[in-house]
Amino acid sequence: MARRVHQPLENQEFDFILTMADGPVLAYFVGTWPKAVEACKAMDPVVSEAAERYAGRLTAVRVDMTRCPEPVRRYGVTGAPSVVLVKAGEAAAREAGPLDGPALRAFLDGNL
């Protein structure tokens, strides 16, 4: 993942990133269980590219669902990969399942 994508190691770090973000946060939820790993790895460069493309308009965060279970519960994430666009602490939009670059850009363009 590019440096523009934050990777919190615990719930409190995720919350800190939310409070420090100047605008919306793209929370990208990943799983470490076998069925999720490949799909999440395939999305890593897609999210990195989006973080670069939308720099200054959003903050991107890669959330390991095992290490940071509180945001998973808070935003009702049930599978990985999933993305949630968070505005002012609330889920403004969400999409479950792997997305390619055009699909993620369409999701962001329609919700930013």
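Cys40 is buried, with a relative accessible area of 1%; buried here means under 20% relative accessible area, exposed means over 50%, and partly exposed lies in between, with a 1.4 Å probe and protein chains only.

A word on the source. This is a predicted model, in which local features need pLDDT of at least 70 and side-chain atom pairs count only at pLDDT 80 or more, while totals for chains, interfaces and linings use all residues. Residues are numbered from 1 along each chain as its sequence is written, and side-chain values use heavy atoms, with hydrogens and water left out.

Cys40 is found in helix α2. Helices (H or I, at least four residues) and strands (E, at least two) are DSSP runs, numbered from the N terminus. Which residues does Cys40 touch, not counting residues up to four places away in sequence? They are Tyr28, Val30, Gly31, Ala80 and Pro81, where contact means heavy atoms within 4.5 Å.

The bond from Ala80 to Pro81 is cis, with omega near 0°, and Pro81 is placed in the loop between α3 and β4. Most residues other than glycine have a negative phi, and most peptide bonds are trans. Ala88 has a positive phi of about 50° although it is not a glycine. Ala88 lies in the loop between β4 and β5 (90-96). Is Ala88 buried or exposed? Ala88 is exposed, with a relative accessible area of 83%.

I turn now to strand β2. Val30 has its place in this strand and counts as buried at 2% relative accessibility. Leaving out residues up to four places away in sequence, Val30 touches Cys40, Arg62, Val63, Asp64, Met65 and Ala80. Val30 and Ala80 are 50 residues apart along the chain, yet their C-alpha atoms are separated by 5.1 Å.

Phe29 also lies in strand β2, and counts as buried at 0% relative accessibility. Its contacts, apart from neighbours within four places in sequence, include Val63, Met65, Pro71, Val72, Tyr75, Ala80, Pro81 and Val84. Val63, in strand β3, is likewise buried, at 0% relative accessibility. Beyond four places in sequence, Val63 touches Phe14, Ala27, Tyr28, Phe29, Val30 and Cys68.

Next, the nonpolar core. How many residues does the largest nonpolar core have? It has 38, and those with the most contacts inside it are Phe29, Tyr75, Val83, Leu104, Phe107 and Leu108. A nonpolar core is a set of buried Ala, Val, Leu, Ile, Met, Phe, Trp, Tyr and Cys residues joined through side-chain atoms within 4.5 Å. At least two residues of this core come from each of α1 (11-20), β2 (25-30), α2 (34-53), β3 (59-64), β4 (82-87) and α4 (101-111). Helix α2 gives the most, with seven residues.

Leu108 is in contact with Leu26, Ala50, Tyr54, Leu58 and Leu85, leaving aside neighbours within four places in sequence.

In α1 the buried residues are Phe14, Ile17 and Leu18. These residues lie on the same side of α1 because they cover an arc of only 100° around the axis, the arc being that of the directions from the helix axis to the C-beta atoms. The face turned away from the buried side of α1 carries the exposed residues Gln12, Phe16, Thr19 and Met20. The cover over the buried residues of α1 includes β1 (5-6), β2, β3, α3 (69-74) and β4.

In α4 the buried residues are Gly101, Leu104, Phe107 and Leu108. Their arc of only 130° around the axis puts them on the same side of α4. Among the elements covering them are β2, α2, β4 and β5.

Finally, the largest pocket. About 170 Å³ of space lies in it. A pocket is an open set of points, on a 1 Å grid over the protein atoms alone, where a 1.4 Å probe fits, with protein on both sides within 12 Å along at least five of seven lines; lining residues have an atom within 4 Å of a point. Grid points are joined across faces, edges and corners, and the volume is the space filled by probe spheres set on the points. Residues lining the largest pocket include Arg4, His6, Asp22, Arg57, Leu58 and Thr59.
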